[in-house]
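Welcome! Take a moment to look over the sequence and the model below, and then we will walk through a few of the contacts together.

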Amino acid sequence: ELDAMLIQQEAGDLCACLAIGGSTKKPDHYTDQLLQSAPQILFSLDFDEAGRKAYPFWKSRYKKVKPWPAPNEKSPGDALKAGVDLRKWVSVGLFCA
């Protein structure tokens, strides 16, 4: 949840963030409907075993999902601590190939 709040703080005018409460959690019906209509989904769960295992569900359910792990770190929070510009990271994910 903290990573989602952090990204919303840094790039909230570019995106809407969703905290699912853990990589094994699935969106509820209302959230599923919102995600189905999203123009793009950046999949940014922690870059660890649990996050990698969760990706196949998301890819099969949401055709516009793109894996977008935090650069060089496990999570967006860790990336920020390492000096990554999270706004730029989100921008690249949304607007570049």
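Over which ring does the charged end of K26 sit? Keep in mind that this is a predicted model. The ring belongs to F57, and the charged end of K26 lies 4.6 Å from the ring's centre.

| Charged end | Ring | Distance to ring centre |
|---|---|---|
| K26 | F57 | 4.6 Å |

Together with F43, Y55, W58 and Y62, F57 forms one aromatic cluster. With ring centres required to lie within 6.5 Å, the model has four aromatic pairs.

Now let's turn to helix 1, which covers residues 2-11. Its buried residues are A4, L6, I7 and A11. They are on the same side of helix 1 because they cover an arc of only 160° around the axis. What do the buried residues of helix 1 pack against? Their partners are helix 4 (76-81) and helix 5 (86-95). On the face turned away from the buried side, helix 1 carries the exposed residues L2, M5 and Q9.

Notes. Residues numbered from 1 in each chain as written. Predicted model: local features only at pLDDT ≥ 70, side-chain atom pairs only at ≥ 80, totals over all residues. Heavy atoms only, no water. Phe/Tyr/Trp six-rings, centres within 6.5 Å; stacked < 30°, edge-to-face > 60°. Lys NZ or Arg CZ within 6 Å of the ring centre and 35° of its normal. Buried < 20%, exposed > 50% of the residue type's maximum accessible area, 1.4 Å probe, protein only. Helix = DSSP H or I, 4+ residues; strand = E, 2+ residues; numbered from the N terminus. Arc of directions from axis to C-beta. Contact = heavy atoms within 4.5 Å.
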